[in-house]
Amino acid sequence: MSEALESEQKTNPQGDPITSVAAPKADAKKDPHAEAKRQKIVTPEYMFHEAPRTKEFITGSEAAKEAVRRSSVDLAIAYPITPQSETMQLIGVLYGEGYVKEYYRGEEEVGVMAAIAGGSRAGVRCFTATAGPGTLRGLEGIASWPGHRLPVVAMFTCRVVNAPLAIQPDNIEVSYLINSGMIVFHAENQQDMFDFIMAGFTISEKNDVTLPVGVCCDGFFVTHARGYVRMQDRGLRLPPREAWRGAVPVLDAENPPARLSRDAPVQKSNFMAYNIHAVWQQEVWAAVERSRKYINKYMGGLLTAENVEGADALIIASGSAAAQSREAVRLCKEKGLNVGLIKVRSLRPFPTKELRELCGKAKLIVVPEFNYVGWLAKEVATAIYGFSKAKIIGGPRVYGGQSMPVELIVDEVESGLTGKKSTNVAMSQIMGGTVNPDEVAHFMRSI
Amino acid sequence: MAKRFNIRMAGVGGQGVVTGSHILSTAVINAGGESTIVPFYGSEKRMAPVESYVRVSDEAIYEIGEITFPHIIIIFHPQVITHGKSYTMPFYFGLKEDGIALINNDGPMKLHRDQARELEERRAKLYYFPATKISLEVAGMDLATNMALMGCIGAITGLTTMAGLDQAVKDRFLGKGFVVSGGTAALDSVVERKFKKKQELIEKNVAVMRAGWNYAVDHGWASPDVKRVEEPVATANA
């Protein structure tokens with residue numbers, strides 16, 4: 001008996017017991033689920049705003065685990081793609097401890113995302129995490145979740161999907177997710193990872209939302225690195241999902257329907273089919289809009305803004321780029337430049353109204369990003385079009401997951417303010433009211 | 001203004017580049033500062049390039065990832081320069097103006113004239129520091145090269161103290177749930193076998209560190225408020 005246990009432990013990763021999945025030594029007297037059973041249910045309001053927190057120094061994957069521990073999750077499905085984070089492995093530890101009711105490993109991402117859809121439709125609270133290429137492999141299922149009105153929380157660790165392959169945190173994947181109809185948050189650090197996942201469960205199940213929530217982070221920097229995370233006591237958890245009061249009836253597992261779509265026209269190409277599709281999608285995106293009030297309530301806003309009033313220039317960033325931008329603001333201050341920072345936390349819904357107000361008087365906006373296409377710069381330019389005359393510099397950008405040197409951001413602020421031509425950002429990526437149209441002719445041609 | 005150093009360390013596998021950076025980082029935190037590290041390497045094998053990026057500050061650090069534009073570079077092995085055993089080429093790439101290059105070598109190296117010119121243009125301070133020699137003299141083996149360099153850089157930045165470094169070495173070898181890779185764990189046991197017991201290992205390592213610290217002070221490299229540290233900071237109560 002003891003031999004079998006020992007050999008089992010050797011197959012597990014050495015070192016830190018927190019990340020180890022080693023089975024605890026058999027102790028017939030001790031219930032491994034005892035602690036989980038003692039967890040106390042509290043309201044989301046108490047959990048997010050009042051519960052005392054203590055600080056711990058943990059990785060982003062561990063922060064995700066701790067969020068799931070406190071979120072009354074019923075079902076978690078893992079597929080260990082490389083490059084993955086340790087998150088789903090750690091959720092397996094939670095299953096062993098009784099914090100997650102059901103847990104298994106799917107065959108691949110298409111299967112995982114389909115099974116998550118089934119779990120959510122059956123009325124239980126679901127969580128999964130994937131990364132890089134796995135995200136895109138699962139995207140067929142993921143893109144169907146919002147239309148099926150499935151409350152789910154999925155964590156996306158961005159790790160490059162375009163060639164030549166890399167495994168570092170390039171966040172190009174986000175550009176696919178933000179157009180799927182789901183709610184999308186972008187975590188800057190381990191703390192965001194923790195907060196956004198827990199808030200995600202609460203928001204996704206609100207009746208006037210009923211949508212999946214994707215919590216993205218720039219992998220590796222957030223998932224594998226440690227940072228301070230302030231967490232509520234692990235003896236507390238959010239109320240469980242109450243599917244019976246949900247907006248969409250759950251699947252009746254005892255009397256399974258012969259087909260999921262009751263109305264045949266949806267699957268036919270005729271006017272009614274297109275009409276139904278249109279209102280269906282309108283309703284999905286209207287639900288995305290309706291989630292704003294809950295994001296404000298539970299997360300304290302779709303963005304955070306620091307030092308915006310009277311600033312010479314604004315940096316708008318999300319994810320790891322926001323972390324780099326904080327340092328850029330500090331370096332600019334040492335050079336006598338007064339720069340404000342807006343961190344976008346929610347990409348869907350996008351903080352359009354907030355940005356229009358904050359950027360009204362701005363003269364220069366710099367949008368640093370960890371991807372080639374510049375999805376955030378496009379979002380920002382679209383949001384403030386007609387509401388700000390600012391020159392918008394879509395850059396600097398780094399590719400393949402390179403760490404963005406803070407100095408590049410400072411360069412853009414300086415060159416933007418002095419009119420000196422930027423060396424790091426193509427003219428085609430410079431937009432906005434004060435830009436000479438001749439200079440952006442290339443950009444106009446390319447769209 | 002924040003006192004802030006971004007340090008890029010380059011060396012070869014087996015020298016303890018990552019271990020050294022852990023110790024420096026822990027030492028700065030022990031002394032009340034802030035620090036982060038990002039190790040960077042390919043396959044774990046001896047003499048293969050290793051880099052580690054350490055940020056030390058007296059204020060919060062938000063920045064993440066590799067350091068492209070360091071204030072200080074530390075070269076653990078002359079082959080980083082002579083054989084290009086580095087992820088960053090040339091070795092001083094991105095060094096900020098008036099930056100410091102701390103190089104483990106017995107006396108000045110003959111650099112290519114283009115490299116010498118570029119270093120001069122950015123007013124780089126080249127500190128040639130015989131870390132391996134000091135390690136051999138003080139500890140009787142070269143495996144404490146990293147300790148000599150960490151002592152030296154501790155004095156140069158002035159963001160930690162010898163007591164902070166001492167405690168960091170203890171944390172590292174007496175265990176505080178520190179997770180090492182397979183390769184590092186194997187090397188640790190080699191290091192430990194070379195000494196009769198851990199106590200001796202720690203004392204020798206700290207002695208090498210102190211020699212590095214004092215070398216920096218004696219050569220006028222240290223931060224203005226840093227003084228020489230004479231005889232052993234007590235290591236008895238490990």
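Here are some worked exercises on a predicted two-chain model.

Residues are numbered from 1 along each chain as its sequence is written, and chains are lettered from A in the order in which they are written. Because the model is predicted, local features need pLDDT of at least 70 and side-chain atom pairs count only at pLDDT 80 or more, while totals for chains, interfaces and linings use all residues.

**Exercise 1.** Trace the seven-stranded sheet of chain A and find its edges.

*Solution.* Start with the strands (DSSP runs of E, at least two residues, numbered from the N terminus; helices are runs of H or I, at least four). Two strands pair if DSSP finds at least two bridges between them. The order in chain A is then 4-3-5-6-8-7-14, an open sheet with mixed pairing. Next, look for strands that pair on one side only: these are strand 4 (102-105) and strand 14 (346-348) of chain A.

Now zoom in on one pair. Strand 7 (residues 183-187) and strand 8 (residues 213-218) of chain A run parallel, joined by five bridges. Across from F185(A) you will find V215(A) in strand 8 of chain A.

**Exercise 2.** Follow helix 10 of chain A from the sheet into the core.

*Solution.* Helix 10 (residues 190-204) of chain A lies across strand 6 (153-158), strand 7 and strand 8 of chain A, at about 170° to strand 8 of chain A. Such angles run from 0 to 180 degrees between N-to-C directions, with axes fitted to C-alpha atoms, for helices over the stretch in contact.

A nonpolar core joins buried Ala, Val, Leu, Ile, Met, Phe, Trp, Tyr and Cys residues through C-beta atoms within 7 Å; buried means that 20 or more other C-beta atoms, placed from the backbone, lie within 10 Å of a residue's own. The largest core has 118 residues, and I197(A) and I365(A) touch the most other members. Helix 10 of chain A provides the largest share of this core, eight residues. Domain 1 (13-245) and domain 2 (303-446) of chain A both contribute residues, so the core lies between them; the bounds come from an automatic or database domain assignment.

**Exercise 3.** Describe the side of chain A that touches chain B.

*Solution.* Count contacts (C-beta atoms, placed from the backbone, within 7 Å): 15 residues of chain A meet 11 residues of chain B. Then assign them to helices: helix 13 (320-334) and helix 16 (406-418) of chain A each supply at least two residues. Helix 13 of chain A gives the most, with seven residues.

Notes. Two residues are in contact if their C-beta atoms, placed from the backbone, lie within 7 Å. A residue is buried if 20 or more other C-beta atoms lie within 10 Å of its own, exposed if 12 or fewer, and partly exposed in between; C-beta atoms are placed from the backbone.
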